[in-house]
Amino acid sequence: MNKIIFGDNLPILKNMESESIDLIYIDPPFNTGKTQSNTRIKVQKSNDGDRIGFQGNSYKTIAVETKQYMDSFGDEYIDGFLRPRLEEAFRLLSPRGTLYFHIDYREAHYCKIVLDNIFGRSSFINEIIWAYDFGGKAKSKWPTKHDNIFVYVKDPKNYVFNTHSIDREPYMAPGLVGPEKAQRGKLPTDTWWHTIVGTNSRERTGYPTQKPLGVINRIIQASSNLGDTVLDFFAGSGTVGESCIKFDREFILIDNNPAALEVMAKRFSGVANIEWIGFDPVPFSSVGNAHPIVTQPPANYDLLVSAASYLRNELEGEFGVWEDSPFQWTLVLPPAKKGKLGRNMIATWCAMKGFSVEKLGDPDASLLINGYRIATKFSTLWSGGLYKFQQVRDTGYDFVFCLGISPDQAHAWIFPREFALKNATIQHGGKKGTEYWITIKPAALPSWVLSYGGTLDQVSVVMKKLLPKRK
Ligand SMILES: C[S@@+](CC[C@H](N)C(=O)[O-])C[C@H]1O[C@@H](n2cnc3c(N)ncnc32)[C@H](O)[C@@H]1O
């Protein structure tokens, strides 16, 4: 059950069970020295009220007191305020749990020392720089346009980090990486460019320090699993809660500012499985209003999406050495598409190297290169470290071009037909004639392949010799 709790976080944290939380994200008030002001309000049922609540009842808002607090605790900030709360955070984290601590550059270094003290220096995993370029710019110094997010784990040898669930980013120069890679995007690094929640942004709640969902979503996906419990004890507008709803995590949100609770009551209007503790959200709920902030996707569809993203994680986890390879996506292609991809890569590469290339669309020979009929074969590296070029036919072409792709390199050979068949293994005989396969282990090359290629540079030298231009 999700929980939203009104109150000072320290005593609440102290009452929570040890190791019961999988992920903590906190964005405490920065020690900026500015005064924050908020007005405490009470709501009363009234016929001429300014708010519509449960069952269409009308409520009146009454200002009880205007409260100001300094967003500054002086020296007390680190040791008096943060330290005891961070000690609780450490105690609450499960053995594979992670803390994301969001802070600004003026406090970051002091906070890091406290966090090192509590978690141990080896538990410090990353400093994420959230960079934005928005708003006014100082003229007397480098304009500061970033926040720092420290990542600490309970156990640096064993923690949750779902590389494959992380949203990918566009390449800065997509033209340099080729269309497939450009379309797939790249894994983010520790520098995250993301715009702030703008005044006209759809996700804006009106809470002054609201953080963007894009930043929080990435944290939730990377460092928690389906059904895990996520805690934010400086919850503000409840961004962490919204992200947890999206990705099927449970959440506990704590804030001691009634204005934050009011914003969360609106934000989570219509979300049923939340227990509100110390605060009645009903008068502030926007159910029935035209613009509820959280639009609920259909529950069943959502369930399938999270089940699939969970499975994707498991399946892609099997790729092992292919992780982060620009060719990883080709592993799951069906054979016909793999064949087409190989043929097109060979055609493009040969054309770039200055050979004349024509596509034949003939099952025996797919390309005509410099006037020679070429069969093209493509293999990604098999788990035993082998390339297997399959369905090599016995007639209908002059040369067979074999392109092998490993996670971080490519190999290629060009063999005259008779020579290739002499060194191939019979795969099967059939109506279409006998088919063979050629196996090559790039880490232990057999001597018969040595004069026919190897690297892409080597194969292009061989091709110039074996395929002099002819009409
Ligand atoms: C920077 S804001 C968090 C904003 C939030 N990340 C978001 O996306 O909306 C910090 C919050 O911590 C709350 N806070 C400050 N001291 C607190 C305390 N002792 N207990 C609970 N909440 C506290 C403030 O009311 C404020 O809402």
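Predicted model: local features only at pLDDT ≥ 70, side-chain atom pairs only at ≥ 80, totals over all residues.
Strands of a sheet pair through backbone hydrogen bonds, either parallel or antiparallel. Within this sheet, β17 (residues 399–406) and β18 (residues 409–416) pair in the antiparallel sense, and eight bridges join them. Leu 403, for its part, stands opposite Ala 412 in β18.

## Strand β20 and its partners

Which strands pair with β20? Strand β16 (residues 387–393) pairs with β20 in the antiparallel sense over five bridges, and strand β19 (residues 425–428) does so, also in the antiparallel sense, over three bridges. Arg 393 has Glu 435 of β20 as its bridge partner, and Ile 426 stands opposite Tyr 436 in β20.

In a regular strand the side chains alternate between the two faces of the sheet.

The largest nonpolar core contains 55 residues, of which Ile 24, Tyr 25, Phe 101 and Met 264 touch the most other members. Leaving aside residues up to four places away in sequence, Phe 101 touches Ile 26, Cys 111, Leu 115, Ile 149 and Phe 150. A second, separate core has 32 residues, including Ala 365, Leu 367, Ile 438 and Tyr 452.

Helix α5 (residues 213–223) is largely enclosed by the rest of the structure, because eight of its eleven residues are buried. These buried residues are Val 215, Ile 216, Arg 218, Ile 219, Ile 220, Gln 221, Ala 222 and Ser 223. They pack against the strands β2 (21–26), β6 (93–103), β7 (124–131), β9 (191–193) and β10 (229–232), and against helix α6 (239–247).

Helix α6 is likewise mostly covered, with seven of its nine residues buried. The buried residues are Thr 239, Val 240, Gly 241, Glu 242, Ser 243, Cys 244 and Ile 245. Their packing partners are β1 (2–6), β2, α5, β10, β11 (250–255) and α7 (258–267). Just after α6, Asp 248 takes a positive phi of about 60°.

## The surroundings of the ligand

Which residues come nearest to the ligand? Of the 18 residues around it, they are Phe 234, Gly 236, Ser 237, Thr 239 and Asn 257. Thr 239 is also one of the buried residues of α6. The shell around the ligand divides into six nonpolar, eight polar and four charged residues.

Asn 148 lies in strand β8 (residues 146–153). Is this residue buried or partly exposed? Asn 148 has 19 C-beta neighbours inside 10 Å, and therefore counts as partly exposed; a buried residue needs 20 or more. Asn 148 touches Ile 103, Asp 104, Tyr 105, Ala 108, Glu 127 and Ile 129, not counting residues up to four places away in sequence. Of these contacts, Ala 108 is 40 residues from Asn 148 in sequence, yet their C-alpha atoms are 6.9 Å apart in space.

Most residues other than glycine have a negative phi. Asn 370, although not a glycine, has a positive phi of about 50°. Asn 370 is placed in the loop between β14 and β15 and is partly exposed, with 19 other C-beta atoms within 10 Å. Gln 391 also has a positive phi of about 50° and is not a glycine. Gln 391 is found in strand β16 and, with 15 C-beta neighbours inside 10 Å, counts as partly exposed.

## The protein as a whole

The protein has eleven helices and 21 strands. Of its 471 residues, 30% are buried. Among contacts with a separation of 6 or more, 63% are between residues 24 or more positions apart.

How values were computed:
Residues numbered from 1 in each chain as written. Near = placed C-beta within 6 Å. Nonpolar A, V, L, I, M, F, W, Y, C, P; charged D, E, K, R; others polar. Pairing = 2+ DSSP bridges. Helix = DSSP H or I, 4+ residues; strand = E, 2+ residues; numbered from the N terminus. Core = buried A, V, L, I, M, F, W, Y, C linked by C-beta atoms within 7 Å. Buried ≥ 20, exposed ≤ 12 C-beta atoms within 10 Å, placed from the backbone. Contact = placed C-beta atoms within 7 Å.
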